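Okay, thanks for coming, everyone.

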Amino acid sequence: QMLAALAERGSDLLAVTERVGLIGNVSALLDAGIISGDDYLRTLNHFADDPSPQVISTLLAGLGKVKNAFVTEELQDEFALYVRRTLGPALERFGMTSRAGEDEEVTRFRPQLIGWLGDEGRDPAVLAYADSLAQTYLRDPAAVDPAFAGTAMALTAQHGNRALFDECRRRFESAQIPQQRSLFLNTLGHFREPALVEEALRFTLE
């Protein structure tokens with residue numbers, strides 16, 4: 001109860017480093033079996049509207065712990081709903097696109113937030129935005145913020161088809177800029193259609 005009370009009023013009572021530390025301490029309690037998974041999730045929810053990107057980033061690490069420990073294939077839809085509800089306030093606060101004069105920490109953090117909402121949260125609006133960025137990047141890489149390009153391409157690849165896979169492989173093989181070469185190679189690892197997963201593995205090994 002004390003942890004829940006602190007978490008609920010965290011931004012009023014605690015500094016950023018203290019709020020980050022509190023999430024870490026609650027994670028340690030979960031690891032030790034002192035609190036249950038549902039109490040852990042309820043505690044994380046109290047940080048959903050935190051104004052600090054650093055705190056939300058730590059919250060994402062906590063969600064990753066939950067995913068690895070508890071989320072089976074049967075629970076993926078429920079977890080996606082939880083992710084959307086939990087991270088929705090952060091998306092509303094920070095937005096999907098950069099804003100004039102925003103803190104650089106927010107700019108650096110945004111791709112991580114978008115990646116989580118698109119991948120684990122399956123947020124339709126985020127996925128549509130990622131698709132539009134990916135298509136723009138394929139037409140003109142210079143037109144997309146490099147910090148966003150990798151996230152957009154990875155999310156699009158998750159539901160991508162053979163044509164996109166072949167295009168990414170071609171771009172990887174012909175890229176002259178190391179950053180782009182690395183991006184397209186990474187994208188090949190995010191396709192989820194079984195035949196393309198197998199081909200990506202074979203391509204890597206051969």
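One definition before we start: buried means under 20% relative accessible area, exposed means over 50%, and partly exposed is in between, with a 1.4 Å probe and protein chains only. Bear in mind that this is a predicted model, so local features need pLDDT of at least 70 and side-chain atom pairs count only at pLDDT 80 or more, while totals for chains, interfaces and linings use all residues. Residues are numbered from 1 along each chain as its sequence is written, and side-chain values use heavy atoms, with hydrogens and water left out.

I'm calling it one when a side-chain nitrogen of Lys or Arg is within 4 Å of a carboxyl oxygen of Asp or Glu. Searching the whole structure turns up 17 of them.

Take Asp77 and Arg122: their closest N and O atoms are 2.5 Å apart. That pair links distant parts of the chain, with Asp77 in helix α6 and Arg122 in the loop between α7 and α8, 45 residues apart. Helices here, by the way, are DSSP runs of H or I, at least four residues, numbered from the N terminus. Asp77 is exposed at 52%, and Arg122 is partly exposed at 35%.

Next, which parts does the bridge between Asp119 and Arg192 tie together? The N to O distance is 2.8 Å. Asp119 sits in helix α7 and Arg192 in the loop between α11 and α12, so the bridge ties together parts 73 residues apart in sequence. Both ends are partly exposed, Asp119 at 21% and Arg192 at 49%.

Then there's a local one: Arg169 to Asp166, at 3.6 Å, N to O. Both are in helix α10, three residues apart, about one turn of the helix.

Last stop, the second largest pocket. A pocket, on a 1 Å grid over the protein atoms alone, is an open set of points where a 1.4 Å probe fits, with protein on both sides within 12 Å along at least five of seven lines; lining residues have an atom within 4 Å of a point. Its volume is about 150 Å³, meaning the space filled by probe spheres set on the points, which are joined across faces, edges and corners. Among the lining residues are Leu41, Phe70 and Tyr82, and α4, α5 and α6 each give two or more.
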